[in-house]
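Please keep the sequence and the coordinates at hand while following it.

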Amino acid sequence: MNNQEQAMDQQQPQPEQEQAAQAVPEVEFDMQALLEKLESAEAAAAEERDRAVRAVAEMENIRRRAAQDVEKAHKFALEKFVGELLPVIDNLERALEAGDQANEVLKPLLEGVELTLQAMQNSVAKFGVQAIDPQGKPFDPNQHQAMSLIENAEVAPNTVIAVMQKGYELNGRVVRPAMVMVAKAPSVDTQA
C-alpha cells in the first residue's frame with residue numbers, strides 16, 4: 001500500500017467506528033452546573049459526616065453519664081438507710097456516756113452496749129460510712145453546723161471547741177453535718 005491509499009483508508013471511516021459514533025449522542029456539558037452540583041453534594045456529605053460525628057459523641061456522653069449515674073446509685077443507695085441508723089448509734093454512745101462505769105451491777109450492761117456500738121460502727125464502716133469528729137479543727141461549713149459562737153482566747157478563731165453531735169459521711173458525701181460550738185475572738189472592751 002502506498003501513502004495515498006493509507007491516507008484514504010484513514011479518512012474513510014470504518015463501519016465499526018461509524019456505528020460507535022452514531023450510538024453516542026452528542027451531550028453538551030455545562031461545566032459550571034456540574035461544578036455547582038459537585039460542591040452541593042460535597043457540602044451535603046460533609047454535613048452528614050458532621051451529624052454522624054456529633055451523634056457518636058452524644059451517644060458516648062450519654063453512655064458516660066449513665067455509667068456515672070449507676071456508680072453514684074451504687075455508692076449512695078444506702079444514704080437513707082444510714083440516716084435512719086445514725087440516731088441508733090447516737091443513742092448507744094449516749095448510753096455509754098451516761099452509764100456509771102464504777103457501778104459493778106451496770107458494768108456487764110455497759111460492756112454489752114459498747115460491744116453493740118462497736119459492731120454497729122464496724123458494720124456501717126464496711127459500706128463507706130465515716131464519722132466526722134472535728135474537735136479542735138477549723139470550722140468547715142461543708143461538714144459542720146455551727147450551733148453557737150463562744151468567745152475563747154485560748155484557741156484560734158473559727159476553731160471547733162466542742163462537738164455536740166458527731167457528723168457522718170457516706171463515701172465522701174456528708175450525710176449529717178457535725179453540730180459544733182465554734183470559738184470566736186474575744187471582744188475588745190473599749191471603755192477602759
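## The buried face of helix α5

In this predicted model, the residues of α5 that count as buried are L110, V113, L117, M120 and V124. Viewed down the axis of α5, these buried residues fall within an arc of 85 degrees, so they line one face of the helix. The partners of that face are α4 and β1 (129-132), against which the buried residues of α5 pack.

On the other side of α5, the exposed residues are P108, L115 and K126.

## Length and end of helix α5

After α5 comes G128, a residue with a positive phi, near 95 degrees.

Side chains of opposite charge can pair when their charged atoms come close.

## A pair within helix α3

The side chains of E60 and R63 form a salt bridge, with N to O at 2.9 Å. Both residues belong to helix α3 (residues 31-76), in which they are 3 residues apart, or about one turn of the helix. E60 has a relative accessibility of 40% and therefore counts as partly exposed.

## A pair between distant parts of the chain

E93 and K166 also meet through their side chains in a salt bridge, at 3.0 Å from N to O. This pair links distant parts of the chain, since E93 sits in helix α4 (residues 79-98) and K166 in the loop between β3 (160-165) and β4 (167-170), 73 residues apart. E93 has a relative accessible area of 14% and is therefore buried, the limit being under 20%, while K166, at 24% relative accessibility, counts as partly exposed.

## Salt bridges as a set

How many salt bridges does the structure hold? The total is 9, and among the residues involved in salt bridges are E47, E48 and R51, which are linked in a network.

Key:
Residues are numbered from 1 along each chain as its sequence is written. This is a predicted model: local features need pLDDT of at least 70, side-chain atom pairs count only at pLDDT 80 or more; totals for chains, interfaces and linings use all residues. Side-chain values use heavy atoms; hydrogens and water are left out. A salt bridge is a side-chain nitrogen of Lys or Arg within 4 Å of a carboxyl oxygen of Asp or Glu. Helices (H or I, at least four residues) and strands (E, at least two) are DSSP runs, numbered from the N terminus. Buried means under 20% relative accessible area, exposed over 50%, partly exposed in between (1.4 Å probe, protein chains only). The arc is that of the directions from the helix axis to the C-beta atoms. Contact means heavy atoms within 4.5 Å.
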